[in-house]
Amino acid sequence: MVEPVVMVVQGWSSNSLAILSAKHSALPFFTNWGSEFSVYVIFHLAKPRLFPREILNKMNPEAKTGRVCSNIVTWHVDTNSLATSQALSSSDSLHNNSGLFSSRVLTIRAYPTITHLNSLCPETFPVAQKCPTRDFERMASHGQQFPPQKQSTQPGKEHAMDPNPQFTAPEYKPSNKLQGKIALVSGGDSGIGRAVSHCFALEGATVAFTFVKGQEDKDAQDTLREIKKVKTSDAKEPMAIPVDLGYDENCKRVVDEVINAYGRIDILINNAAEQYVTSSIEEIDEARLERVFRTNIFSYFFLTRHALKHMKEGSCVINTTSVNAYKGNAKLLDYTATKGAIVAFTRGLALQLVERGIRVNGVAPGPIWTPLIPSSFSEDHTAKFGSEVPMKRAGQPIEVAPSYVFLACNHCSSYITGQVIHPNGGTVVNG
């Protein structure tokens with residue numbers, strides 16, 4: 001059975017359920033799915049949480065009970081059973097309560113996979129994290145991937161993104177790969193760092209992560225809360241450490257805090273980064289160049305040199321680089337230079353530490369939906385972000401985090417060091 005089709009219905013009219021009963025004929029798009037497929041139908045309500053329970057019950061036994069999340073009601077319907085949709089279409093209760101809905105159907109959209117609806121609510125789609133704060137709007141036509149949006153400062157804020165990045169998924173099945181390990185993740189409050197921290201906690205690790213005080217406080221608290229929800233019983237309480245990682249003394253303080261709390265470091269994830277768009281090298285002054293290099297590569301040197309004092313054989317370092325290090329990026333020149341430096345740093349450090357039994361590897365993500373994107377690019381660029389790769393979409397942090405789990409797990413990657421994994425949507429880099 002193929003992945004479910006998803007239809008979003010904003011507003012209401014008696015024609016809404018006709019799509020279900022009409023089955024293939026309503027949308028030619030469905031003809032490519034054969035005779036067996038499922039449909040998720042999402043109704044946006046005018047009056048949140050007033051949807052009649054009797055109508056939800058109408059969906060049984062041939063469909064899963066509808067679920068309410070904020071101002072959204074969803075049903076998962078097996079469209080092979082016309083009886084379900086016909087019963088709903090003729091429901092007096094449904095039509096008598098039509099005041100719950102907007103006066104007309106505003107939009108009906110079909111999406112080929114659940115993956116395209118990652119930002120809906122957890123009660124509805126288990127791949128989602130939270131309810132949207134406004135009517136759902138996510139198009140993939142004409143190259144548009146996300147609603148146009150722009151954040152005015154860096155670091156960006158995950159809680160302000162629409163949709164929120166996906167840092168977990170029900171398909172991810174932990175198996176104690178990192179049980180008993182102590183992990184330090186820089187920039188772990190959001191984006192890839194949040195997904196890595198969450199996956200590490202699921203796998204049994206004790207997690208400490210850094211964030212920028214005054215800028216990322218809410219994201220850090222959100223991440224801390226999510227880690228606490230999933231941490232294993234033998235893991236210690238997670239830590240969120242506010243810091244500017246661009247300076248050696250600050251990085252030493254972070255390591256000291258982790259050691260004071262946990263006694264050692266088994267896994268170091270160098271992940272913090274910032275980037276700024278530029279059209280010419282002439283626009284990059286000394287202050288900006290130093291700022292980007294301090295965050296993106298100096299911090300990797302500083303954290304690693306202090307953490308190594310507390311890392312033993314079997315420990316590992318994983319550095320976040322970028323696809324831009326391999327293909328170049330004219331608009332992110334200083335950022336791209338730091339990512340190239342990280343690749344060289346990874347390879348050189350791996351050779352330096354191999355005799356100590358400490359592995360060093362890297363991950364080079366492609367276009368991933370993180371706070372860096374709306375805080376760096378224009379609204380137009382953000383809306384189409386990720387459409388240029390062979391997969392024609394941006395990746396989600398949860399699609400990258402398992403690469404870190406693999407590299408951190410000794411029984412998965414014990415013979416791998418000095419290498420880089422490329423979760424980039426299909427871009428061939430040969431490096």
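# Helix packing and two side chains

Visitor: Which residues in α5 meet which ones in α13?
Guide: From α5, Ile-192, Ala-195, Val-196, Cys-199 and Phe-200. They meet Ala-401, Tyr-404, Val-405 and Ala-408 in α13. Contact means heavy atoms within 4.5 Å. Helices are DSSP runs (H or I, at least four residues), strands likewise (E, at least two), numbered from the N terminus.

Visitor: What's the make-up of that contact by class?
Guide: 9 nonpolar residues, no polar and no charged ones. Nonpolar covers Ala, Val, Leu, Ile, Met, Phe, Trp, Tyr, Cys and Pro; charged covers Asp, Glu, Lys and Arg; the others, Gly among them, are polar.

Visitor: What sort of model is this?
Guide: Predicted: local features need pLDDT of at least 70, side-chain atom pairs count only at pLDDT 80 or more, and totals for chains, interfaces and linings use all residues. Residues are numbered from 1 along each chain as its sequence is written, and side-chain values use heavy atoms, leaving out hydrogens and water.

Visitor: Back to the helices. At what angle do the axes of α5 and α13 cross?
Guide: Roughly 50°, and the axes come within 8 Å. α5 spans residues 191-202, α13 residues 401-408. That makes α5 oblique to α13. Axes are lines fitted to C-alpha atoms, for helices over the stretch in contact, with angles from 0 to 180 degrees between N-to-C directions. Under 35 degrees is roughly parallel, over 145 roughly antiparallel, 65 to 115 roughly perpendicular, the rest oblique.

Visitor: How many residues of α13 are buried?
Guide: 6 of its 8. They are Ala-401, Ser-403, Tyr-404, Val-405, Leu-407 and Ala-408. Buried means under 20% relative accessible area, exposed over 50%, partly exposed in between (1.4 Å probe, protein chains only).

Visitor: What covers them?
Guide: The cover includes α5, β9, β10 (316-320), β11 (359-363), α14 (410-413) and β12 (420-421).

Visitor: New topic. Is Asp-219 buried or exposed?
Guide: Buried, because its relative accessible area is 0%. Asp-219 is in helix α6 (residues 217-230).

Visitor: Which side chain does the Asp-219 side chain make a polar contact with?
Guide: His-159, at 3.0 Å. A polar contact is a pair of N or O atoms within 3.5 Å; within protein, one must be able to donate a hydrogen and the other to accept it, and residues adjacent in sequence count only if both atoms are side-chain atoms.

Visitor: And Ser-279, where does that lie?
Guide: In the loop between β9 (267-270) and α8 (286-307). Ser-279 is exposed, at 53% relative accessible area. A polar contact of 2.7 Å joins its side chain to that of Glu-283.
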